[in-house]
Amino acid sequence: MPERTTVGIKDVAHAAGVSVGTVSNVLNQPHRVAEPTRRHVQQVIARLGYVRSEYARQLRAGRSRIMALLVLDMGNPFFVDVARGAERAARDAGLGVMLCNSAQNPAEEAEYLSLFAEQRVRGALITPADPSGATLRDFRRHGIPYVVVDRVAGDEEGCSVAVDDVAGGALALHHLVDAGHRRIAYVSGPPHLRQVQDRREGALRALAEAGLPASALRELPTERLDVTAGRDAGARLLGLAERPTAVFCANDLLALGVLQALYAAGVRVPEDLAIVGYDDIEFAAAATVPLTSVRQPALTLGTIAADLLLQETGERAADHRHQHVVLRPELVVRGSSRSRP
């Protein structure tokens with residue numbers, strides 16, 4: 001079997017009968033090359049199978065064409081939509097996206113941030129898993145711009161885009177209290193996540209505004225924010241001596257798991273127990289009992305985050321000022337939380 005050889009830009013120029021500069025312009029500034037010549041060079045590139053070295057291009061240009069995105073859980077459709085929004089904005093700017101998943105693990109987050117620094121990415125969009133902020137502080141030393149996603153940044157070192165989760169938790173609890181519920185469970189997910197804490201804070205605030213004690217909300221923490229954890233929480237709910245009449249879940253995957261557990265046990269939703277989720281993922285409306293949920297504008301979240309990073313790393317970066325954008329959630333009421341008689 002013959003040994004494969006790497007095709008270089010000089011090989012393309014020789015085969016096409018043009019200068020190396022012309023081939024470079026076809027690749028990087030095609031508008032500067034006449035259409036017949038451009039088409040001819042592109043045909044030669046395709047025939048020879050030439051692939052340009054992004055590493056070499058990056059050394060010459062002094063910047064990467066890759067934007068990194070680190071999310072908590074790619075198994076959650078909410079983060080899929082965030083990634084879609086970011087990818088769309090990056091593509092419009094001629095950039096690619098390196099998508100990574102920390103699995104809600106601070107150690108994995110630290111490993112990925114180290115990888116981003118090694119690759120000298122253009123910038124990073126990060127949903128932090130480390131509640132201490134230590135991994136972000138370490139990453140900051142590399143001088144790579146970043147935007148915190150799905151959490152408000154508390155400093156001036158970078159931009160942030162988030163949804164007001166305190167307001168979202170309050171929306172869910174006001175809805176359940178207005179429907180007549182006075183014993184409510186909160187399936188909360190990992191307590192170290194700020195989103196989980198904020199949604200709980202909003203729920204307690206709504207209870208206080210309704211003149212109800214904090215004890216009206218019973219918290220059931222879980223180690224994960226997925227359907228399996230929701231099913232486990234549903235089983236724990238069923239085993240309580242004084243069963244709540246409603247449950248608010250920190251995300252829709254948990255809520256769908258709770259719904260599955262209740263359905264398997266013959267518990268009627270919402271007649272016996274109402275459910276409210278969070279995120280309003282696509283599957284929420286398609287559940288056996290359509291799920292009431294607090295909607296987050298995930299696509300918009302990803303798009304704004306990427307746009308802020310592009311501003312900070314673009315031609316007018318010197319004029320950039322860090323921004324902290326907070327979006328409003330919206331309650332979408334469906335069959336899982338019909339009003340109690």
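What follows is a close look at the sheet, with a few other spots for setting.

Tutor: Keep in mind that this is a predicted model. Start with the whole chain. Its secondary structure comes to 13 helices and 12 strands. The C-alpha atoms fill a box of roughly 80 × 45 × 35 Å along the principal axes. Of the 341 residues, 48% are buried. Take the contacts between residues at least 6 apart in sequence: 71% of them join residues at least 24 apart.

Now the sheet itself. Six strands form an open sheet, in the order β7-β6-β8-β9-β10-β12. The pairing is mixed. β7 and β12 (330–332) stand at the edges. Each has a single partner strand, so one side of each is left without a neighbour in the sheet. On average, neighbouring strands are turned by 20 degrees against each other, with direction ignored.

Strand β6 covers residues 184–187, and strand β7 covers residues 217–220. The two run parallel and are joined by four bridges. To find this pairing in the model, look for Ile184, which stands opposite Leu217 in β7. How does the chain get from β6 to β7? The path goes through helix α9, residues 194–209. This β-α-β crossover is right-handed.

Move along to the pair β8 and β9. Strand β8 spans residues 246–249, and strand β9 spans residues 274–279. They too pair in the parallel sense, here over three bridges. Val247 has Ile275 in β9 as its bridge partner. Look also at Cys249, a residue within the span of β8. Is Cys249 buried or exposed? Its relative accessible area is 0%, so Cys249 is buried. Another cysteine, Cys100, counts as buried because its relative accessibility is 7%. The structure holds zero disulfides.

Helix α8, residues 165–178, lies across β6, β7, β8, β9, β10 and β12. The helix runs at about 165 degrees to β9.

One loop leads towards β10. It sits between α12 (282–285) and β10 (292–295), and Ala286 is found there. Ala286 is exposed because its relative accessible area is 62%, over the 50% cut-off. Now pick out Asn105. It is 181 residues from Ala286 along the chain, and their C-alpha atoms are separated by 30 Å.

Ser102 has its place in the loop between β2 (96–101) and α6 (106–119). Ser102 counts as buried, because its relative accessibility is 0%. What does Ser102 touch, leaving aside its neighbours within four places in sequence? It is in contact with Leu70, Val71, Leu72, Glu108, Glu109 and Ala129.

Helix α1 covers residues 9–16, and helix α2 covers residues 20–28. They pack at an angle of about 105 degrees, and their axes are 8 Å apart. α1 and α2 are therefore roughly perpendicular to each other. On the α1 side, the residues that meet α2 are Ile9, Lys10, Val12 and Ala13. Their counterparts in α2 are Val20, Val23, Ser24 and Leu27.

Terms used
Residues are numbered from 1 along each chain as its sequence is written. This is a predicted model: local features need pLDDT of at least 70, side-chain atom pairs count only at pLDDT 80 or more; totals for chains, interfaces and linings use all residues. Side-chain values use heavy atoms; hydrogens and water are left out. Two strands pair if DSSP finds at least two bridges between them. A crossover is right-handed if, with the strands pointing away from the viewer, the path from the first strand over the helix to the second runs clockwise. A disulfide is a pair of cysteine sulfur atoms within 2.5 Å. Buried means under 20% relative accessible area, exposed over 50%, partly exposed in between (1.4 Å probe, protein chains only). Axes are lines fitted to C-alpha atoms, for helices over the stretch in contact, and angles run from 0 to 180 degrees between N-to-C directions. Contact means heavy atoms within 4.5 Å. Angles under 35 degrees count as roughly parallel, over 145 as roughly antiparallel, 65 to 115 as roughly perpendicular and the rest as oblique.
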